[in-house]
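Hi,

Here is the two-chain model I said I would pass on.

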Amino acid sequence: MSLFKVEGLVKRFGALLATDHVDLEVRAGEIHALIGPNGAGKSTLVNLISGLHAPDAGRIVLDGVAITGLPMHRRVEAGLSRCFQITSIFRDATVRDNLLLAAQAHAGSSMRFLRPRDAEPALFETAQALAERVGLAGQLERIAGALPHGAQRKLDVALALAARPKLLLLDEPMAGMGPEDSERMTELIHSLRSDMAILLIEHDMKAVFALADRISVLVYGRVLVAGDAATIKGHPQVQAVYLGTEELAVEEAAAA
Amino acid sequence: MTQDKHASAAARWTPWLALALLGAFPLLAPALGLDFYVGFVRRALIFALAAAGLNFILGFGGMAALGHAGFIGVGAYALVALVNAGVDSAWILWPAAVALAAGVAALIGLVALRTRGVYFIMITLAFAQMLYFIAVSLRVYGGDDGYNLPARPTLGLGLDLAHEPTLYWVVLALFAGVMALLNRATLSRFGHALTGIRDNETRMQAMGYPVFRLRLAAFAIAGAIAGLAGALLVTNNSFVSPAVMHWTQSATLIVMVVIGGVGRRWGGPVGAGVWILLEEFTKQYTDYWHLPLGVLLLLIVFLAPRGLVAVLQRKPRAVIAASPAGATE
């Protein structure tokens, strides 16, 4: 049951082949992790999928709909929502105003000029519910930029959740987090899986193995291997390029 | 984003007081020997209108357009073209000027809004220059020499626009109406989306906002308001020349918004008023009025980097909890 499919995706930056004929499949209800060493092209792939960059070739299909050529906001409409590796929130606004803006995006047109937004209780209810979902209900009046890092990451996730996506793209949600925050973010992501499929890009291997149903390994812009956690852990090349110690890599080289 | 929620009582009645004083001015002016200044304040109100429109896209939308006088010109010449064709009702002339300016702004926006930063400044300037040279080349309407209105447009309803105070009150009413609409718009869904785009465009796209369409709508609204200002300016002066749309006029409008307060509710009008007053006073003392005006502007920018309105509002900031949002908790 494939929900989301990437086929033969290519992106070049000059002579650099940042995304090299990538195929990827996320099944309904699945948490699919995308791992790979620095510079493997993970962020490029995320930006291609979310529509920040245009691919040079290939197809992206979400729930039977080709979204390859759609602008970003139409992809969100189609059910694809994302978070950012570098926290992307409205820093000068309160948490509530952040969430209100997210709620408004999915509650009818924003081409309404005269009625004050603050006179729409439905938006405030949605904002409240989003805050509760990610554990920020007590912080609604705080200025987003003044929150601790972990809370800002949660807010970033909440802004993406407002779209009620079919597929949620999480670009290194644990980036810059200590072990405690990581743990809490892992719990949060785990709690989301009943409502949406998740494509998780993450460096924190503990979190990846705790959460992912399947894992794709990206190296030099290409998918080296895809499979469940056991397959990936046991795959000699993966150990060599990514997980492995130097020793393992040397052994691998000797064996080959 | 939340500035307006902290508005104290003083901030709420100040605009009404200002409106009352402005409304009474033509009645008091003769007694004070200030008759001449009725026309002067009227002109200031018209520029305040244009500056408020520019502040909507510059301050709330983050679009530094350096071609706003071009839309004033479109409105002005739309009126002139219709007058030249025999139309004399303000009910047709003014709405036509607004509609044409909005349309031209939308077309220019289709191209210009694909760029950002310095490129956006340059491309809006380039379009405004094109409009300027079109006006210069329009021989029918006087080209460089400009065009004299044979008479002021008619309004009906027993209002004679040739009567100076009447025109003043009509301009004031339009100004107040547009300000009321703009201030509502900044608090609406559209206004929140617009400031969201200003603060974090990528995130707004990622949340599903049709960013381009929203910015285009704001740009066309600002163009429409500039068009109204242009039509009122010709009505006021009974004359127009391409000078109204010279690029230095566009720059002056930006300066007005900056000294008033970028993204402040009353930043445009306050800035326009202060600028035009300063211009008037320095002109009374010297022909070389640019220099003292420049020095005064430097002082304002150094002493009030966030605009004069920000200085006037620098008061208690402890009423955050009293926002209407608090009611839903």
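Predicted model: local features only at pLDDT ≥ 70, side-chain atom pairs only at ≥ 80, totals over all residues.

Residues are numbered from 1 along each chain as its sequence is written, chains are lettered from A and ligands numbered from 1 in the order in which they are written.

H1(B) covers residues 9-32 and H2(B) residues 36-60, and their axes come within 8 Å and cross at roughly 155 degrees. Helices (H or I, at least four residues) and strands (E, at least two) are DSSP runs, numbered from the N terminus. Axes are lines fitted to C-alpha atoms, for helices over the stretch in contact, with angles from 0 to 180 degrees between N-to-C directions. That crossing makes H1(B) roughly antiparallel to H2(B), a label for angles over 145 degrees. From H1(B), B:Phe25, B:Pro26 and B:Ala29 make the contact, and H2(B) brings B:Tyr37, B:Val38 and B:Val41; a contact here is two C-beta atoms, placed from the backbone, within 7 Å. The residues split into six nonpolar, no polar and no charged. For the classes, Ala, Val, Leu, Ile, Met, Phe, Trp, Tyr, Cys and Pro are nonpolar, Asp, Glu, Lys and Arg are charged, and the others, Gly among them, are polar.

H2(B) also packs on H9(B) (residues 211-237), at an angle of about 170 degrees and with the axes 8 Å apart. These two are therefore roughly antiparallel as well. Among the residues that meet are B:Ile46, B:Leu49 and B:Phe56 in H2(B) and B:Phe219, B:Ile225 and B:Leu232 in H9(B). This contact divides into 17 nonpolar, two polar and two charged residues.

Zooming out, chain B has 13 helices and two strands. Its radius of gyration is 20 Å, close to the 20 Å that the globule rule gives for 329 residues, so chain B is as compact as a globular protein of that length. (The radius is taken over C-alpha atoms, and the rule is 2.2 Å times the number of residues to the power 0.38.) Buried residues make up 44% of chain B, buried being 20 or more other C-beta atoms within 10 Å of a residue's own C-beta, placed from the backbone.

Chain A has 10 helices and 10 strands. Its radius of gyration is 19 Å, close to the 18 Å that the globule rule gives for 256 residues, so chain A is as compact as a globular protein of that length. Buried residues account for 45% of chain A.

Where the chains meet, 33 residues come from chain A and 27 residues from chain B. H3(A) gives the most to chain A's side, with six residues. That side holds 17 nonpolar, seven polar and nine charged residues.

A:Ala212 is buried, with 21 other C-beta atoms within 10 Å. Leaving out residues up to four places away in sequence, A:Ala212 touches A:Ile31, A:His32, A:Ala33, A:Leu200 and A:Ala229.

Cheers

Key
Buried ≥ 20, exposed ≤ 12 C-beta atoms within 10 Å, placed from the backbone. Parallel < 35°, antiparallel > 145°, perpendicular 65-115°, else oblique.
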